[in-house]
Amino acid sequence: MVNSTAPLTTGEGQRTLESFGYTQELKRSVSTIDLVVYGLVFMVPIAPWTIFGTVYNSSSGMVPLVYLIGLVAMVFTALAYSQMAKSFPLAGSVFSYVGRGIHPAAGFFAGWAILLDYLLVPTLLYVFAAESMVGLFPGTPRWLWAIIFVVVNTAINLLGVSSLKMVNRIFLAIELVFVAIFVVIAVRAINGQSLPDVAWSTTPIWNSSAVSAALLAGALSIAVLSFLGFDGISTLAEESTGAKNPAGKAMLIALFLVATLFITQTWLASLLAGGREAFGDDEVGNAFFLLVQAASNTGWMNAFFVVNVLAVGFANAMAAQAATSRLLYSMSRDRQLPSFLSKISARQVPMAAILVVSALSIVLVLFFVGQIALISSLVNFGALFGFCLLHISVAWYYLVRQKSKNYLLHLVVPALGLTIIGYVLVNADPMAKIGGLVWLAIGAAVFGVNVVRGRSVSAAE
C-alpha cells in the first residue's frame, strides 16, 4: 500500500486516486446512476421470488416485516461503507477501507474474508441457475448450463465497463417490468376477490398476535443476508465519474430502493397467500410462482420463472464477477496476491482477474453442484466478518486518528452496526463458521508468506 504525501482532492472534497500513490488504470465512465443500477442488479430486485416460501414459513407470514428489519439493520453498514468510501475512493472495498483505516494487516484479513463471499457468490448463482435450467430442460447436464452462463458473463465483462453498464440497464429494466406486472396481477386479484380469503390487510407487515422476540431474532439473520450485494458498489469506485463520494451515495440509494421493491412485492404476495399458516414441503421452493399462477395463469408463472433464472444466472452473476475481479485487482496491486492479477486490458478492465474468477467459478460449480445451502453459509460468513472489521475501522479511523467529534456517524452508527452484524455472525450456521475459520487460517498462511517474501504493505496512512 503506497502512502501519499499530499492530500490532493478533486476540488469537491474527495481525494484523487493519484494522491494515494496509484495511477488511473481503470476507465472512469461509471456515473452515480450507473452505480445505483449496478447495486440494484447485484441485490436483484426480484430476489424474494425464490425464497418467499421459506421466509413466509419462518416469519409466520410476515415476510415484508423481515425485509423492513433488514433495511433498518443494514442501514448502519451502508452508512459505514459510505463514510469510508468518502475518505478512500478505492476499488478494494473493505480491503482498502480497513487497511487504511486501521492497519494493512487488518485490511488483508478483511479483504481475504470478503473474498470468500465474492468468490463464492458467482458459484452460488451459477449452481442455482443451472439447477433451474435443468428443471426447464429435463435431461440436460448442469455443467453445460453453468459453463454457458460463465462464458457469456466473462465475455461481457471483458468487453469493458460500458458493456457491463448496458447489460445492467437492460436486465434491470426487464426485472422492473416484471415487478410492475406482478403488482398489476396482485392488485387485480385482491380487488377482484376471485381467490378465497384474499383481501387488503396490514397483517403481513405486523401481526401482533404472532410477533415474538424469537421470531424477530430469527428474522434478523434472514433479513441481513437478503441485502448482501450493495457493498459491491464500492468496488467500482475507481471507475466512477462522480467527484463527491458517488459510491457512498449510490450504496444508500440502492439499499433503500431495493428494500422498497422487496417490501412491496412480499406484502402483495403475502396477501395472495390468503392467510395460510405455511407452505408445504412440496411447494415452499416455488411458493411465489404458484401464487402468480393462482392469481393469473400458468403462462405468467412460467414467464416469471424464466426471468428469475436469467436475472440470477446472467445479470446478478455478471455483477458479482465484476466486483470480485476488482477486489482481486486491488489486493494484487498492493502486492497481497500474485502480481498478474492486476494486469489491465486494452479496454481498461482487470482482464487477468476476470479470467481467474471465471476459471474458479467453473471449478467450484463442478465441486459444489447440489450444495446450495453450504455455499450460501460460506458466502455469509465472509461478508459478515468483513462487515465487522469495517465498522471497527470507521470508529478507529475517524475518532482515534482523525479526532472526529461526529459521534453519531463515527461511534453510534458503527457500534450499532457491529452489534447487529456480530449477532448474526455468532448465530450463523456451525458449518459456515468452521468453513470460515478454515478460510481465515489459509489467509493467515498467505499473509505469513507475504511477510517472509517482503511483500507486506506499508503502514496505513
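Author: Start with the surface of this predicted model. Trp-143, Leu-144, Ile-148, Val-152 and Leu-366 make up a nonpolar patch there.

Reader: What makes a group of residues a patch?

Author: Each member needs over 30% relative accessible area and no salt bridge, and nonpolar side chains are joined within 5 Å. Take Leu-366, with 52% relative accessibility. The cut-off for a patch is over 30%, so Leu-366 passes on area.

Reader: Why is Leu-366 called exposed?

Author: Exposed means over 50%. Leu-366 has 52%, so the label holds.

Reader: Which helix gives the most to the nonpolar patch?

Author: Helix 6, residues 142-158, with 4 residues. Leu-366 sits in helix 12, residues 351-368.

Reader: Next, the largest pocket. How much space lies in it?

Author: About 1,300 Å³. The lining has 44 residues, and Ile-51, Leu-124, Leu-225, Ser-376 and Asn-380 are the closest to the centre. Several helices give two or more residues to that lining, among them helix 5 (104-136), helix 11 (298-333) and helix 13 (372-401).

Reader: How do you know where empty space is left?

Author: A probe the size of a water molecule is rolled over the atoms, and that shows it.

Reader: How do the lining residues of the largest pocket divide?

Author: Into 27 nonpolar, 14 polar and 3 charged.

Reader: Now the backbone. What makes phi of Ser-60 worth a remark?

Author: Phi is near 55 degrees, a positive value, and Ser-60 is a residue other than glycine. Ser-60 lies in the loop between helix 2 and helix 3 (63-87).

Reader: Why is Ser-60 called partly exposed?

Author: Buried stops under 20%, and exposed begins over 50%. Ser-60 has a relative accessible area of 41%, so it falls in between.

Reader: What is phi of Asp-197, and where does this residue lie?

Author: Phi of Asp-197 is near 65 degrees, again a positive value in a residue other than glycine. Asp-197 is in the loop between helix 7 (161-192) and helix 8. At 67% relative accessibility, Asp-197 is over the 50% cut-off and therefore exposed.

Reader: Last one: is Phe-289 buried or exposed, and how do you know?

Author: Phe-289 has a relative accessible area of 3%; the limit is under 20%, so Phe-289 is buried. Its place is in helix 10, residues 287-295. Phe-289 and Val-306 are 17 residues apart in sequence, and their C-alpha atoms are 11 Å apart in space.

Definitions and conventions: Residues numbered from 1 in each chain as written. Predicted model: local features only at pLDDT ≥ 70, side-chain atom pairs only at ≥ 80, totals over all residues. Heavy atoms only, no water. Patch = residues over 30% accessible without salt bridge, like charges linked within 9 Å, V, L, I, M, F, W, Y side chains within 5 Å. Areas by Shrake-Rupley, 256 points an atom, 1.4 Å probe, with all protein chains shown as cover. Salt bridge = Lys/Arg side-chain N within 4 Å of Asp/Glu carboxyl O. Buried < 20%, exposed > 50% of the residue type's maximum accessible area, 1.4 Å probe, protein only. 1 Å grid on protein atoms, 1.4 Å probe; cavity = no way out; pocket = protein on both sides within 12 Å on 5 of 7 lines; lining within 4 Å. Points joined across faces, edges and corners; volume = space filled by probe spheres on them. Nonpolar A, V, L, I, M, F, W, Y, C, P; charged D, E, K, R; others polar.
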